[in-house]
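My notes follow in the order I looked things up.

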Amino acid sequence: MSDARILHFLTPLKHPSPFDVNVAVDAGFVVAGYTMVGFDEITALTQDAMFSRVPQDAAKMCLFIGGRDALLALDMAATAKAAMFPPFVVSVFADPAGAFTTAAAMVAYVEHHLRRQGGKLAGAKVAVFGAKGVVGGIAGVLAAAAGADVTLVVHDHSGAVPAKGAAFEARFKLRLRVAEGITDAQKRAVLRDCDVVLAAGPVGVRILSRADLEHAERLKIAADLNAVPPSGIEGVDAKADDVPLGFAPGIGIGALAVGKVKFELQHALLRRIHSAEKALFVIHREAYQVALELVGQAPCAAAPGPV
C-alpha cells in the first residue's frame, strides 16, 4: 500500500495549466502531466493508471481532465468513468480551463446575493454576455439547470453562440434562449428585460457600458469576470462585492469577488478528493453544489458523488 496521492493531469492542449497544477500540489497531490491527449487515448490511460495499485489504494488517485472544450472534457470524463470497474475505481475531476469551477462560483455567488435580496435564481431572467467562451456557456447551463430563464447573447457573426446553445440544449435537456447583441440597440433590448447580467468575455474587453446598463430597468445583479482593465462591465470594479451600481438598479460583483469563491471551490474539491476513502466523480454539477455550500446556500452534506 502507498500513502501517496497522485493526480494524473490529462489535457488535449500543448501544456497543462500552471494554475491547476499549483492548486493540485497545494492540495497535497503529486502531479503527473499528459499533453496532447486524444479522446481515443482516455480508456487506455485510465486503465493503465487504475491497475498500477492495489484496490485499497485506487481512491488515492485522481484523473484531472483539462483543455478548453466543455463537451470534450465531459466526454473524456464519462469515458474514463466507463473504463473502470470495481474494485479498480479512481476519482475523476473535469475542469477545462477552470471553466467548471469558475462558472459554478459565479452562478452560486449570484444565487447567494439574490437570496440576500429576497429573491432566487429560479425564475430570474439571466443574460450571459461572452457566451462564446467555455465559462460563459457553462454558466448559462448551470443557471438554466437552477431554473433561471437564460439568454446567451451573440456578439459576432461567427454563428458560434447559436451552435453552442443548440448543442448544450441537446446535451443537457435545458432551454437556452439566444439573442443578438452585436449592436448597442440589440444589447439594450436584451438588458431591458433581465434581472441578472453575467459577463464572461475575454480579458481586457469592455462588453457593456454604463449607457447600456441604464436600460436594464429591473436589474438586480451585474457580475463581471474580467479582472484586466478595462472591466467587462463599465462601473463594476474587479474588487466590487455587493456594491450598488448607482447609475443603474442593482449591485455589481467583480472578478476578484468571484475569483475568491472559485479558488476556494477548486481547492475544496481537490482536498475532498485527496482525503476521500472512495473515488469521487466531479464535473460542473458537483462543482456547483459545493460552490453553493461554500457561499452558504446549501447544506454542508452537499458533496461530489461517487464514481
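I began with Asp193, which counts as partly exposed at 35% relative accessibility; here buried means under 20% relative accessible area, exposed over 50%, and partly exposed in between, with a 1.4 Å probe and protein chains only. The model is predicted, so local features need pLDDT of at least 70 and side-chain atom pairs count only at pLDDT 80 or more, while totals for chains, interfaces and linings use all residues. Residues are numbered from 1 along each chain as its sequence is written, and side-chain values use heavy atoms, with hydrogens and water left out.

I then looked up the partner of Asp193. Lys125 forms a salt bridge with Asp193, with the closest N and O atoms 2.7 Å apart; the term stands for a side-chain nitrogen of Lys or Arg within 4 Å of a carboxyl oxygen of Asp or Glu. Lys125 sits in strand β5 (residues 125-129) and Asp193 in the loop between α7 (184-191) and β8 (196-199), 68 residues apart. I note that helices (H or I, at least four residues) and strands (E, at least two) are DSSP runs, numbered from the N terminus. Lys125 is partly exposed at 28%.

I checked a second pair, Lys220 and Asp195, whose side chains meet in a salt bridge at 3.0 Å, N to O. Lys220 lies in the loop between α8 (210-213) and β9 and Asp195 in the loop between α7 and β8, so the pair ties together parts 25 residues apart in sequence. Asp195 is buried at 4% relative accessibility, while Lys220 is partly exposed at 32%. Both pairs belong to a network of salt bridges that links Lys125, Asp193, Asp195, Arg218 and Lys220. I recorded 15 salt bridges by this rule.

**Strand β3.** Is this strand enclosed or open? Five of the five residues of β3 (residues 61-65) are buried, so the strand is largely enclosed by the rest of the structure. Met61, Leu63 and Ile65 point one way, and Cys62 and Phe64 the other. I looked for its partners next, where pairing requires that DSSP finds at least two bridges between two strands. β1 (residues 6-10) runs parallel to β3 and is joined to it by five bridges, with Leu7 opposite Cys62. β4 pairs with β3 in the parallel sense over four bridges, and there Cys62 stands opposite Ser91.

**Nonpolar cores.** I took a core as a set of buried Ala, Val, Leu, Ile, Met, Phe, Trp, Tyr and Cys residues joined through side-chain atoms within 4.5 Å. The largest has 89 residues, and Val150 and Leu198 have the most contacts inside it. Helix α4 (residues 99-116) gives the most to this core, with 11 residues. Another core, of 21 residues, lies apart from it and includes Ala127, Val153, Leu219 and Ala240.

**Backbone.** Most residues other than glycine have a negative phi, and most peptide bonds are trans. I listed the following exceptions.

- The Pro86 to Pro87 peptide bond is cis, with omega near 0°, and Pro87 lies in the loop between α3 (70-83) and β4 (91-94).
- The Pro229 to Pro230 peptide bond is cis too, with omega near -5°.
- Met36, not a glycine, has a positive phi of about 55° and counts as exposed at 56% relative accessibility.
- Asp242 has a positive phi near 65° and is found in strand β10.
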